[in-house]
Amino acid sequence: METVAIIDYGSGNLRSAAKAFERAAADAGLALRIVVTADPDAVARAARIVLPGVGAFADCHAGLEAVDGMVPALRAAVEEKGRPFLGICVGMQLMATRGLEHRVTPGLGWIPGEVVALQPGDARLKVPHMGWNELRPRGPRHAVLAGIEGAAAPHAYFVHSYQFVPLDPSHVLATTDYGGPVTAVVGRDNLVGTQFHPEKSQEVGLRLIADFLLWRP
Amino acid sequence: MLKVRLIPCLDVKDGRVVKGVNFVDLVDAGDPAEQARIYDREGADELTFLDITASHENRSIILDAVARTAEACFMPLTVGGGVRTESDIRRLLMAGADKVSINTAAVHNPDFVGAAARKFGSQCIVVAIDAKATAPGGWEVFTHGGRNPTGLDAVEWARRMTAMGAGEILLTSMDRDGTRAGFDTALTRAVSDAVTVPVIASGGVGTLDHLVEGVKQGHASAVLAASIFHFGTFRLRQAKEHMARAGVPVRPIDRRPA
């Protein structure tokens with residue numbers, strides 16, 4: 001049975017995330033083993049990899065680096081073997097070249113660009129951007145967004161104060177509006193990342209997770 | 001556009017829902033996880049559990065309900081009541097809560113909020129403020145269900161808590177709580193306009209128009225209600241439809257067939 005590895009590097013509780021992946025897999029009729037793991041070998045063996053993350057960019061980066069062998073295992077699986085990868089929230093932001101939260105911190109460098117403070121065009125808008133906002137897919141159709149593109153008004157749950165600004169606009173697969181467009185989904189090749197929390201986004205989120213699990217990049 | 005959140009709140013005592021409505025489709029009306037599933041199905045944007053368990057020994061009972069809820073409802077879950085230490089926060093987050101709300105402990109030790117935000121991230125630290133009007137345009141922070149005055153100005157306190165790292169403010173008018181007379185929208189507005197983080201209005205909802213007032217007059221980012229849903233006076237679906245008709249942006253109800 002193929003394994004989906006959700007990387008545990010001390011950034012929040014991942015049990016409910018694992019449950020969401022289990023539910024989405026069952027709904028999609030997929031027999032997959034979902035594991036929450038801090039073991040680089042388990043990540044190396046996994047068919048698909050999920051990198052979650054809550055809190056600050058610098059803390060998440062430090063947490064990931066602190067797991068011995070994890071970053072090399074992640075790079076080998078994603079860069080060399082082309083395993084499908086999903087980053088969630090700060091896990092998505094870590095795909096960037098660098099983050100500017102608190103200090104300049106290098107990211108995994110998979111999607112060129114920076115993670116910068118959210119500064120909504122309308123000063124009355126609150127930061128963090130917290131709650132349900134509508135997703136706007138853009139560019140060519142993407143398999144991971146198939147369910148979202150089919151929905152009438154897909155809303156997802158966001159909570160963040162920084163946003164990923166990719167250098168190449170074609171890496172932005174969906175935006176949401178918060179005093180201007182805010183990057184909601186990034187991707188290229190076998191990589192995809194969501195600023196929102198699919199595991200907290202009820203039906204829309206479960207659909208996106210199922211589409212990721214079905215994805216053959 | 002960001003939508004206004006509608007948040008049903010369940011009061012939980014010794015692991016059981018207090019004042020829960022006996023929906024026909026509930027196997028066990030006293031089970032918070034069962035109630036949560038109903039609200040999930042009806043389009044709640046988030047859930048809040050308020051643990052009103054009096055004895056410290058029985059506090060851990062809530063963890064089981066949190067775990068069972070988090071495994072079945074894929075939406076944000078906040079738990080408040082008796083959160084006093086970093087280990088209380090850790091246990092709730094590990095059980096599956098996404099946010100915790102801190103009330104009395106913040107008043108006793110404001111640095112606790114800062115430490116918690118640094119340790120767990122502002123995104124999961126909600127500061128709950130219970131306020132009472134003390135003068136026209138003036139509100140004081142109270143603790144212990146409105147019994148103990150603190151001498152703190154509610155608007156200043158909200159600013160200070162935000163500066164310490166609170167990611168959200170849950171603001172309850174103790175004058176209105178339980179009255180069904182509507183939010184204290186002047187209080188809600190004063191606090192909402194004073195802080196950069198989202199404010200959840202709470203206390204006093206008796207009609208669906210009250211929910212609209214919390215947003216339009218109170219400038220709240222989210223509205224919380226307990227009894228109108230518990231007693232089955234209104235269903236969540238009706239509330240969202242009403243808010244949408246009144247021009248409040250709400251998330252369309254998104255549900256797979258049950």
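How many of the 258 residues in chain B are buried? The share comes to 61%, where buried means under 20% relative accessible area, exposed means over 50% and partly exposed lies in between (1.4 Å probe, protein chains only). The model is a predicted one, so local features need pLDDT of at least 70 and side-chain atom pairs count only at pLDDT 80 or more, while totals for chains, interfaces and linings use all residues. Residues are numbered from 1 along each chain as its sequence is written, chains are lettered from A and ligands numbered from 1 in the order in which they are written, and side-chain values use heavy atoms, with hydrogens and water left out.

Chain B carries 10 helices and 11 strands, taken as DSSP runs numbered from the N terminus (helices are H or I, at least four residues; strands are E, at least two). With a radius of gyration of 17 Å, close to the 18 Å that the globule rule gives for 258 residues, chain B is as compact as a globular protein of that length. Here the radius is taken over C-alpha atoms, and the rule is 2.2 Å times the number of residues to the power 0.38. Along the principal axes, the C-alpha atoms of chain B fill a box of roughly 50 × 45 × 35 Å. Of the contacts (heavy atoms within 4.5 Å) in chain B with a separation of 6 or more, 64% are between residues 24 or more positions apart.

Turning to chain A, the count is 7 helices and 14 strands. Its radius of gyration is 16 Å, close to the 17 Å from the globule rule for 217 residues, so chain A too is as compact as a globular protein of its length. The C-alpha box for chain A is roughly 50 × 40 × 30 Å along the principal axes, and 60% of the 217 residues count as buried. For contacts in chain A between residues at least 6 apart in sequence, 72% join residues at least 24 apart.

Now for where the two chains meet. The contact draws 32 residues from chain A and 35 residues from chain B. About 3000 Å² is buried between them, 50% of it from carbon and sulfur atoms; this is the accessible area (1.4 Å probe) that two parts lose on being put together, summed over both. Across this interface there are 2 salt bridges, each a side-chain nitrogen of Lys or Arg within 4 Å of a carboxyl oxygen of Asp or Glu. One of them pairs A:Arg15 with B:Glu71 at 3.2 Å, N to O.

Over all chains, the salt bridge count comes to 22. Within chain B, B:Glu34 and B:Arg37 pair up at 3.8 Å; both sit in helix H1 (residues 32-41), 3 residues apart, about one turn of the helix. B:Glu34 counts as buried at 15% relative accessibility, whereas B:Arg37 is partly exposed at 29%. Another salt bridge joins B:Lys99 and B:Glu46 at 3.2 Å, N to O. This one links distant parts of the chain, from strand S5 (residues 99-102) to the loop between H1 and strand S3 (47-51), 53 residues apart.
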